[in-house]
Amino acid sequence: MIAEQIRKHRKRLGLTRENLAEECAKLGAPQLTFAALTNIETGRRDRATGRRRREVTVDELEVIAHALAVPMLLLVFPVGDLDRVPTISSGQEIHPRLAWKCAIGAEPPVRLASDGRAYADRSTIGEGGPTRLEAWRSVVRPIELYQELMNETDALHKAERRLAYFERVGHSDSDEAQHLLEVRQHHLIRMATVLEEMMNSGIRVPAYEVETARDLIATDVITRPEALPLLPVTAEASAETDDDQP
């Protein structure tokens, strides 16, 4: 399946295997030669062992995806191409969308029942260990928090871009601009709330520019502002800050 998707997206860009090998080399993977890519795409197997002559590692798959300008997961779970996707772990075929959601942590590991429906895998890990569903729930929270943080960050940036536009056209005092200020503050508070939970849970939080960090701390939601990491101040930003001093 991965081989088929690599071939499909290579041809979509009008690239030969030699071209793709050159692109991979530019990205730091010279081992992905024409011969290696040929073996990967064709799935050639050794006559003696029956094993594929060339497997592709996760690192190499990331390079190939970059070279082809395609999301790496789309090479693994071709949403829009297949009705069912085979899963290596269970040998069963599930809907590509469900496979995709499992891969990004939006759904727990699943198994198919005799009726063909997918259910959360509640089988026990080891002898007397937790179920797979329990184990999944214990580690998935960071993914959920990062997704929520990204959503709030995107909404904040959207409001800030609109505010910058109103300022450029001289309408910063308009009712819509004032509403956008409230929207921006709402998303700042939501971001700070997520960051507070992340820090309290021992989850590493992303670094922010000094100005954004100040705005987040000013919400009074973050109880340990010293724990919020900052991005290094660039020379250009430092010069701008100096110009603002009285």
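The following legends describe close-up views of a predicted model.

**View 1. The buried face of helix 6.** Helix 6 spans residues 96-103, and its buried residues are Pro-96, Leu-98 and Ala-99. When the helix is seen down its axis, these buried residues fall within an arc of 160°, so they line one face of helix 6. Among the elements that cover the buried residues of helix 6 are strand 1 (85-86) and strand 2 (93-94). Strand 3 (110-112) and strand 4 (118-120) also belong to this cover. Gly-105 follows helix 6 and has a positive phi, near 85°.

**View 2. The salt bridge between Lys-101 and Glu-107.** The structure holds eleven salt bridges, one of which pairs Glu-107 with Lys-101. In this pair the closest N and O atoms are 3.4 Å apart. Glu-107 is partly exposed, its relative accessible area being 26%. Lys-101 is likewise partly exposed, at a relative accessibility of 25%.

View 3. A salt bridge joins the side chains of Arg-190 and Glu-148, with an N to O distance of 2.1 Å. Arg-190 belongs to helix 9 (residues 175-200) and Glu-148 to helix 8 (residues 141-168), so this pair ties together parts that lie 42 residues apart in sequence. Arg-190 is partly exposed, with 25% relative accessibility. Glu-148 is also partly exposed, with a relative accessible area of 24%.

View 4. The side chains of Arg-184 and Asp-215 form a salt bridge in which N and O are 2.7 Å apart. Arg-184 is part of helix 9, whereas Asp-215 is part of helix 10 (residues 210-217); the pair therefore ties together parts separated by 31 residues in sequence. Arg-184 has a relative accessibility of 17% and counts as buried, because the limit for burial is under 20%. Asp-215, by contrast, is partly exposed, with a relative accessible area of 23%.

View 5. In general, side chains of opposite charge can pair when their charged atoms come close.

Key:
Residues are numbered from 1 along each chain as its sequence is written. This is a predicted model: local features need pLDDT of at least 70, side-chain atom pairs count only at pLDDT 80 or more; totals for chains, interfaces and linings use all residues. Side-chain values use heavy atoms; hydrogens and water are left out. Buried means under 20% relative accessible area, exposed over 50%, partly exposed in between (1.4 Å probe, protein chains only). Helices (H or I, at least four residues) and strands (E, at least two) are DSSP runs, numbered from the N terminus. The arc is that of the directions from the helix axis to the C-beta atoms. Contact means heavy atoms within 4.5 Å. A salt bridge is a side-chain nitrogen of Lys or Arg within 4 Å of a carboxyl oxygen of Asp or Glu.
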